[in-house]
Amino acid sequence: MSPNMKVPGFQVLCVLLFLYVFHGEAWARYKFVVEEVPYTRLCNTTKILTVNGQLPGPTLYVHRGETIIVDVYNKGNHNITLHWHGVAQPRYPWSDGPEYITQCPIQPGKKFSQKVIFSTEEGTLWWHAHSDLWRATVYGAIVIYPKIGDTYPFPKPAAEFPILLGEWWKESIAEEYNIVDSGSDPNASDAYTINGQPGDLYNCSKSGTFNITVRKGLTYLLRIINAALQDVLFFSIADHNVTVVASDASYLKPFSSSFIAISPGQTIDVLLEANQSPNHYYMAARIYTGVTAAGNPDYTTTTAIIKYSGKYTPSASPILPSLPYYNDTTSFLNFTNTFRSLADKKHPIDVPTVVDISLDYLFLVNLGFSTRVASVNNVSFVNPSIDILQAYYYGINGVYDTSFPDTTLQILTHKTEVKVLDYNSTVEIVLRTTDDAGSSHPIHLHGYSFYVVGSGTGTFDNETDPSKYNLVDPPFQNTIAVPVQGWTTIRFKANNPGVWFMHCHFERHMVWGMDTVFIVKNGNSTNGKLSPPPPDMPPC
């Protein structure tokens, strides 16, 4: 059930905000208009799909435990769905968004009012399109403040800045989707972007480079989101370390680093102390692949500028940071393996120590075929013609089967298969990858965050590796990068009934079939049962 919401006294960019009263509850309401608008980047003007004409789209601001309504109007020329990445949506997958998993798409000219239910999340999440490749330009930040009256577990920053890392193609995204859907690697993006801008190092881009102004001696909160379609990214700020304090809307034990490694779908919150001589400093991001060649990588670098306030003469050109090399797996692993949940009295964790269901999931780009195929446990997922949630709720037969294997099949199959979990069962999944057709696979689970209790390179050893699990303060995430030719073990309690998607967050891999679905059955109590659908679900 949705908690009461105290309506914030501000507007978010160009989003319309007013009160929505339903069964005595007051919820903030936002208007998202999906439409094609012309944008000029890299000396070229093209029409892109946007929300409210913005790139990135509007930022949503909420407090922990609130509920909002987002009215999505599709005024574009293509089907669309929107997903609220990392929002658990307790008992309410109807607004989760993945196409043909929890809903059929919003057709051109139609509207869908999506109820977004925040529960325990606190920090930074994001929203994005979840159909075809439209999230290339249809995405935005979600800022989740502590409950009113509560504070951050660190000193209040002087200011906060969402930093969204993305990609830009000169070609239309529809053309890129056709390439991927045909089983081919997409073209390399023409640029990476920071808050929609490529930065100084690209042609015709300097005038639009994103910048922020800081004051020496103050500390700032950067809410960093990797919205790129295809790539894990390294990010750094010249001559500045950052203090990592959260990931995926869950607080971490703070640690200092000269760079971050961030996977598609992941969010990382960092504190930046303006402690250097007044000048202009680049923040920059570029690819981490983990292998020499992964599809068609983009090896360019995107930049934005940190400008110190005051009177001084800046350097002729901003100072560039030193980023790890594109295949520096050691730096990538050292960074990600440093994550530990804050796990203090105000932010407790509940790691399952007894496991009811043990699963072994192999995420694979299947080589040796004339076109690209991807799979989980050698099952390449096939989208049904109506959404699985509707079929499950109404008992429609023939849409999916429940025989998804717990371990890898010997022969590749193409099916719509799901795994059924009992309510409140504790689940452990060893996520593995053995192919070198891409960098580490960023795996995202809808409807849940999970504890990352272990990770390593090489073959998982069921006899020795579990003894190394961290069951004391593992990070609590919704997206995790499984190392190249390695493994990651996650645990969660299946206490959110409904239909929930799990997939690689490299868009090409998801299109090729590196996806699967969990159906979590109802519990016995009212609070453990799937809520009924809204009246305006998009038709199939």
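Biologist: Which residues form one aromatic cluster?

Modeller: This is a predicted model, in which local features need pLDDT of at least 70 and side-chain atom pairs count only at pLDDT 80 or more, while totals for chains, interfaces and linings use all residues. Residues are numbered from 1 along each chain as its sequence is written, and side-chain values use heavy atoms, with hydrogens and water left out.

One aromatic cluster consists of F234, F255, F259, Y288, F332, F335 and F339. In total, the structure holds 26 aromatic pairs (ring centres of Phe, Tyr or Trp, the last by its six-membered ring, within 6.5 Å; planes under 30 degrees apart are stacked, over 60 edge-to-face, the rest tilted). The pair of F32 and W127 is tilted, because the planes stand at 50 degrees, with the ring centres 4.8 Å apart. F32 belongs to strand β2 (residues 25–41) and W127 to strand β8 (residues 123–129), so this contact ties together parts that are 95 residues apart in sequence (strands are DSSP E runs of at least two residues, helices H or I runs of at least four, numbered from the N terminus). F32 is buried at 0% relative accessible area, and W127 is also buried at 0% (buried is under 20%, exposed over 50%, partly exposed in between, with a 1.4 Å probe and protein chains only). F460 and W487 form an edge-to-face pair, 4.9 Å from centre to centre with 70 degrees between the planes. This pair links F460, in the loop between β28 (450–457) and β29 (476–477), with W487 in strand β31 (residues 486–493), 27 residues apart. Both F460 and W487 are buried.

Rings also meet charges. The charged end of R41 sits over the ring of W168, 5.8 Å from its centre (NZ of Lys or CZ of Arg within 6 Å of the ring centre and within 35 degrees of the ring normal). Likewise, the charged end of R508 sits over the ring of F506 at 5.0 Å from its centre.

R223 and E160 meet in one of them, at 3.0 Å from N to O. R223 lies in strand β13 (residues 219–226) and E160 in strand β10 (residues 159–168), so the bridge joins parts 63 residues apart in sequence. R223 is buried at 1% relative accessibility, whereas E160 is partly exposed at 25%. E160, R223 and D269 are linked in a network of salt bridges.

Notes:
Salt bridge = Lys/Arg side-chain N within 4 Å of Asp/Glu carboxyl O.
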